[in-house]
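Dear colleague,

I am handing over the structure below, and after it you will find an account of what turned up when I went through it. Please read the two side by side.

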Amino acid sequence: MIHVTAHDALLAIDLQNDFLPGGALAVPQGDAVIPVVNHLTLLPFGQQAASQDWHPHGHVSFASTHGRKATPDHWPDHCVAGTHGAELAAALHQARIGMVIRKGRDPDIDSYSAFLDNDGATRTGLDSWLAGLGINRVFIVGLALDYCVRATAIDAKALGFAAIVVEDACRAVGPDPQATWQVLAQHGIERVQAADLAGL
């Protein structure tokens, strides 16, 4: 059993309408994680944060911007700033979320991680906010495991946080997430189930 304390944070990644069933870039069974995440929000985390893709029209990640079909690097138009698709899921319990990071706002740079844009240099400010509040361990949940959750976990570890991914509170785009779990393990990132977590 892992005991959650005031030095831990819960990071809910991209639980947005466009990534849920019926959305523009739906993650298979993405809605199944929301009850699990809602349960976790009740634990005594010192801080809770959420991230949102928040793209301008014509964003570099959109296949339509390049006149192409969607590929693993160029996606259908999704999470356009200010649209219903970009909103956090209504079923997500948000009362304890202290910060919302809106990423991918630069039209020329994508941003998978809640900590850094894909240029590897531009920070969102999440790391300094967490560190300033005494957080040293983060528990990461959300969508999609093989893209934004993975990138967030790797960056969290590189920025000095202990990083743990809650497996049953994530879903992947690809059908076989094992390669992602192997990469995360290579970075020293732990994998747990929601039932493994408890308050003191």
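With 55% relative accessibility, Gln29 counts as exposed, because the value is over 50%. Please keep in mind throughout that this is a predicted model. Gln29 is placed in the loop between S2 and H1, and although it is not a glycine, its phi is positive, at about 60°. Most residues other than glycine have a negative phi, and most peptide bonds are trans. Cys79, in the loop between S3 and S4, also has a positive phi, of about 50°, without being a glycine. The peptide bond that leads from Leu143 to Ala144 is cis, with omega near -15°, and Ala144 has its place in the loop between S5 and H3.

The loop between S2 and H1 also holds Asn17, which counts as buried because its relative accessibility is 15%. If neighbours within four places in sequence are left aside, the residues in contact with Asn17 are Gly23, His84, Gly85, Glu87, Leu88, Ala89 and Ala90.

**Cysteines**

A disulfide is a covalent bond between the sulfur atoms of two cysteines. A search of the whole structure finds 0 disulfides. For Cys79, which is in no disulfide, the nearest cysteine sulfur is that of Cys148, 9.0 Å away. The sulfur of Cys170 also has its closest cysteine sulfur in Cys148, but 11 Å away, which is too far for a bond, given that a disulfide needs the two sulfur atoms within 2.5 Å.

An open sheet is formed by 6 strands, which follow one another in the order S4-S3-S2-S5-S6-S7, and the pairing is parallel. Its edges are strand S4 (99-103) and strand S7 (190-192), each of which pairs on one side only, and from one strand to the next the twist averages 25°.

Several of the pairings can be followed in detail. Strand S3 (residues 47-53) runs parallel to S4 and is joined to it by 5 bridges, with Ser51 standing opposite Ile101 in S4. S2 and S5 also pair in the parallel sense, over 6 bridges, and here Ile13 stands opposite Gly142 in S5. On to S6, S5 pairs in the parallel sense over 6 bridges, and Phe139 has Ile164 in S6 as its bridge partner. S5 is mostly covered, with 6 of its 7 residues buried.

**The helix across the sheet**

Helix H1 (residues 33-40) lies across strand S2 (8-13), strand S5 (137-143) and strand S6 (162-171), and the direction in which H1 runs is at about 140° to S6. How much of H1 is buried? The count is 6 of its 8 residues, so H1 is largely enclosed by the rest of the structure. The buried residues of H1 are Val33, Ile34, Val36, Val37, Asn38 and Leu40, and what covers them includes S2, S5, S6 and strand S8 (197-199).

On the side of H3 the contact is made by Leu145, Asp146, Arg150, Ala153 and Ile154, and on the side of H4 by Thr180, Trp181, Val183 and Leu184. Sorted by class, the contact of H3 with H4 has 6 nonpolar, 1 polar and 2 charged residues.

Ala185 has its place in helix H4 as well, and because its relative accessibility is 51%, Ala185 counts as exposed. Ala185 and Ile154 are 31 residues apart in sequence, while in space they are 9.9 Å apart from C-alpha to C-alpha.

With best regards

Conventions: Residues are numbered from 1 along each chain as its sequence is written. This is a predicted model: local features need pLDDT of at least 70, side-chain atom pairs count only at pLDDT 80 or more; totals for chains, interfaces and linings use all residues. Side-chain values use heavy atoms; hydrogens and water are left out. Contact means heavy atoms within 4.5 Å. Helices (H or I, at least four residues) and strands (E, at least two) are DSSP runs, numbered from the N terminus. Ala, Val, Leu, Ile, Met, Phe, Trp, Tyr, Cys and Pro count as nonpolar, Asp, Glu, Lys and Arg as charged, and the others, Gly among them, as polar. Two strands pair if DSSP finds at least two bridges between them. Axes are lines fitted to C-alpha atoms, for helices over the stretch in contact, and angles run from 0 to 180 degrees between N-to-C directions. Buried means under 20% relative accessible area, exposed over 50%, partly exposed in between (1.4 Å probe, protein chains only).
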